[in-house]
Amino acid sequence: DFAGTIRLATTAPGVELPAELNFTGQENGRQSFAFANPRSTDMAIEVVADEVAGTSNPAGSASGPHQLYWGECHVHTYVSDGLGTPAEALAYGRDVAGLDFGAVTDHFNFSPEQWRRTVEVTEAAYRPGEFATLFGLEVTGDPFICDFCVLSPDPRLDLAPLFACPLDERYLAPSVPLEALYAAFEKQDAILIPHFHMGSGKIWERPLPANVRLAEIYSCWGSHEDGGGALPSFGNDPGGEAGQTIAGLLSRRYRCGVVAGSDGHDGRLGQTNWLRVYERYRGGLTAVWARELTRESLWEALHARRVYATTGARIFLEFSLNGRPMGSELRLKPGEARTLRCKVHGTTPT
C-alpha cells in the first residue's frame, strides 16, 4: 500500500532511466518501467524513498546465451515443521524477496494428500518469464547419515516408494533407509542435494548416485565448505576423517555444483534467518545461468551445474574455462593451454 515517490539513479555511463516513479497506493507495491542501455553497460540501479534505499540485482553483459536468475529451494512450511502454507512461502519468495525461482522442500513426514496439494500450489505459482517453481522435499537418510533436498521439474514425481518405506522416528524428521532413498529417485527426473549441516560422515561409506549433481554449501546453519571460515557450521562436526563437507565431497572426486538456501522454518522463502527455534545466519541464495525463466530452462541449467551460491548477496559472477561455462567437464591434453575468464560485480565498488 506504499504511496509516494521513489528516486532512481545509476552510476553506469550511457544508461537512461526515469528520475522517479510515483506510487498512488493502488499498485500493490510493484511498478514496471523502461530504461535504455545502448552500450550494454554493466550496471545496477539505486532506489531511494525518504530514508529507505535499495539496490537492484547487478546486471552484466553476459558473453553467452544465458541470463542470471536468483532463487532458493530449501524452505519448510506447516506441512512438516515450519510456519505458513506452501502457497504463502512461494508468494513470499516471488513478491517480497524478489526471487526468480523457488521450491518448497518440506520434511518427508507429510501424507500423500498433503504432497498432492503441495504439487497443486507449486503448479499454480508457476509463471513462465516471471517466477519459476520446482517440486521438492527433504529426506533424511538412515541411520542419521545425511539430509537430502530432492528437486524435480516433474509434477508427477513419484513418492510411492518412500511412502512404502518403514520410517525411523528417532530424529526430528522421519528417516528412510539410504538405499531406499537412492533407489526411489534413481530412474526419475530428480536431483539429490546433500545438506551438510549434520551427519556422521557415513555418507561416504556408499557411492553417491549419479543424480547427486549439486550440494548445499551454505544455509542458515552456516558454511559447509570445509569446517572453517567466518560462518562456521552450527550443529555439524566436519572434522576427522569423515569430512562431511563440500571439501570432503570434492576430495573424493565427485563433480558437484554448489547451491545455497536457508533451511528456514518460518515460510519466508529467500529472506530469513530462522531455523526451527534458533535465530541464526542469514539464509543463502542460488544463482543460475539459464537461457530463459522457464521451468524447463531452469532445470537444464541446474542439471548442467551452471550455478553458484552466496550468503544472500546478489553478486554477478560469470566464469568460463576455455570458453566453456561453469559446470562443464573438459578433457584437456597435458600442457594444453587453459584460458580462464572471470567477471564479477560484488557488493562494494572495489
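User: Which residues lie nearest the centre of the second largest pocket, and how many line it?
Analyst: This is a predicted model. In it, 21 residues line the second largest pocket, and Arg305, Gly327, Ser328, Glu329 and Leu330 lie nearest its centre.

User: Which elements give two or more residues to that lining?
Analyst: Four strands do: E14 (257–260), E16 (307–310), E17 (316–321) and E18 (324–325).

User: And which one gives the most?
Analyst: That's E17, with three residues in the lining of the second largest pocket.

User: How do the lining residues divide into nonpolar, polar and charged?
Analyst: For the second largest pocket, 13 are nonpolar, three are polar and five are charged.

User: What volume does the second largest pocket have?
Analyst: About 550 Å³.

User: OK, switching to cysteines. What does the disulfide count come to?
Analyst: Zero disulfides. Take cysteine 73, which is in no disulfide: the nearest cysteine sulfur belongs to cysteine 149 and is 8.6 Å away.

User: Is cysteine 73 buried or exposed?
Analyst: Cysteine 73 counts as buried, because its relative accessibility is 13% and the cut-off for buried is under 20%.

User: New topic: where is histidine 66 found?
Analyst: Histidine 66 is in the loop between strand E4 (52–55) and strand E5 (67–72). Histidine 66 counts as buried, since its relative accessibility is 13%.

User: What does histidine 66 touch, leaving out residues up to four places away in sequence?
Analyst: Trp289, Ala290, Arg291 and Arg306. With arginine 306 there is also a side-chain to side-chain polar contact, at 3.4 Å.

User: Last one, helix H1. Which of its residues are buried?
Analyst: H1 runs over residues 86–95, and its buried residues are Pro86, Ala89, Leu90, Tyr92, Gly93 and Arg94.

Methods:
Residues numbered from 1 in each chain as written. Predicted model: local features only at pLDDT ≥ 70, side-chain atom pairs only at ≥ 80, totals over all residues. Heavy atoms only, no water. 1 Å grid on protein atoms, 1.4 Å probe; cavity = no way out; pocket = protein on both sides within 12 Å on 5 of 7 lines; lining within 4 Å. Points joined across faces, edges and corners; volume = space filled by probe spheres on them. Nonpolar A, V, L, I, M, F, W, Y, C, P; charged D, E, K, R; others polar. Disulfide = S-S within 2.5 Å. Buried < 20%, exposed > 50% of the residue type's maximum accessible area, 1.4 Å probe, protein only. Polar contact = N/O pair within 3.5 Å; in protein donor to acceptor, adjacent residues only side chain to side chain. Contact = heavy atoms within 4.5 Å.
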